[in-house]
Amino acid sequence: MAKKEAPVIDWAGLTQEMEYLLRLGTSPVAYKRLEKMAELEKIPEVMRLDRRATFCQVPALVRRVGLTVGVTRDNLGERCARINGLAPTTQKEVAWEANSFAKTWFANVEEASKQMAEYPLVPPGEAIVLAPLASGKFDPDVILIYGNPAQMMLLMNGLQFKDYERFQFFFIGEGSCADGLAQCYTTGKPALAIPCMGERAFGAVTEDELVMALPPGMMVKAVEGLQALKGRGIGYPIMYLGPLCDPSPVLVQIYPEWWNRR
């Protein structure tokens with residue numbers, strides 16, 4: 001019996017539809033962990049960084065410039081490399097990180113160590129690659145979507161349209177790639193994150209942006225949910241009415257049975 005081939009996903013079409021429905025300011029980013037560095041050579045037009053960088057800078061190069069970027073251990077600092085599976089997590093490195101964070105983000109080494117013990121890590125590999133999702137250069141492990149709170153709210157509403165579940169999200173402090181990307185990678189669940197100082201300082205994340213890490217298998221679900229909501233008159237942008245007006249003209253359209261009930 002012939003083995004069925006996996007269906008080809010139209011990443012360009014899905015991206016275009018999501019950008020239209022949410023009016024995203026930048027395009028979704030595809031992220032993939034590679035077992036071997038040599039796999040980077042198979043990806044078209046991949047740019048290999050020739051310098052040290054923070055991981056935060058890489059999604060910015062993708063979503064704002066449109067580049068496809070390949071990254072190995074030599075490109076990233078220790079913490080970035082560990083979170084992305086490019087460096088081992090040893091007691092020595094964890095102790096060094098805790099000592100560093102005890103001088104910045106936390107009161108002491110003990111408090112910093114609590115963070116070190118909790119945040120998720122991408123499994124080990126030799127390289128990672130990020131590209132515009134619409135390019136379809138590879139099937140991603142995680143999709144990163146940046147947007148304002150209203151756009152993220154509607155994205156989650158779209159995911160909940162069918163097969164409802166209550167979403168839970170995390171905040172470890174400095175290190176939103178752990179809260180979003182690594183959390184999604186290790187759990188297979190959508191992970192909304194508040195971008196950290198690193199993402200803002202180095203990754204060009206604006207003050208009004210959040211980031212959603214989305215399992216690739218949920219991209220179709222998200223788009224279909226957003227389409228369904230739009231069909232019911234719920235979409236982006238959300239019109240402001242303010243606290244002094246009569247909300248009846250709007251609410252009677254969305255909740256006719258409920259609003260007219262006396």
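The following legends describe close-up views of a predicted model.

**View 1. Crossing of helices α1 and α9 in the predicted model.** Helix α1 spans residues 11-22 and helix α9 spans residues 219-231; their axes come within 10 Å and cross at roughly 35°. The crossing in which α1 passes α9 is left-handed. On the α1 side, the contact is formed by Trp11, Leu14, Thr15, Glu17, Met18, Tyr20, Leu21 and Leu22. Helix α9 contributes Met219, Val220, Ala222, Val223, Leu226, Gln227 and Lys230. Sorted by class, the residues in the contact of α1 with α9 comprise 11 nonpolar, two polar and two charged.

**View 2. Strand β4 and its pairing with strand β1.** Strand β4, residues 127-132, is mostly covered, with six of its six residues buried. Strand β1, residues 29-34, pairs with β4 in the antiparallel sense, and six bridges connect the two strands. Within this pairing, Tyr31 stands opposite Leu130 of β4.

**View 3. Strand β4 and its pairing with strand β3.** Strand β3, residues 68-72, is joined to β4 by four bridges, and the two strands run antiparallel. Val69 has Leu130 of β4 as its bridge partner.

**View 4. The aromatic pair Phe101 and Phe106.** Three aromatic pairs are counted in the model. In the pair shown here, the ring centres of Phe101 and Phe106 lie 6.3 Å apart and the ring planes meet at 25°; because this angle is under the 30 degrees used as the limit for stacking, the pair is classed as stacked. Phe101 has a relative accessible area of 9% and is therefore buried, the limit being under 20%. Phe106, at 23% relative accessibility, counts as partly exposed.

**View 5. The aromatic pair Phe167 and Phe169.** The ring centres of Phe167 and Phe169 are 6.1 Å apart, with the planes at 45°. Phe167 counts as buried at 14% relative accessibility. Phe169, with a relative accessibility of 30%, counts as partly exposed, because this value falls between the 20% and 50% limits.

Methods. Residues numbered from 1 in each chain as written. Predicted model: local features only at pLDDT ≥ 70, side-chain atom pairs only at ≥ 80, totals over all residues. Heavy atoms only, no water. Axes fitted to C-alpha atoms, helices over the stretch in contact; angles between N-to-C directions. Left-handed = near helix turned anticlockwise from the far one by under 90°. Contact = heavy atoms within 4.5 Å. Nonpolar A, V, L, I, M, F, W, Y, C, P; charged D, E, K, R; others polar. Buried < 20%, exposed > 50% of the residue type's maximum accessible area, 1.4 Å probe, protein only. Pairing = 2+ DSSP bridges. Phe/Tyr/Trp six-rings, centres within 6.5 Å; stacked < 30°, edge-to-face > 60°.
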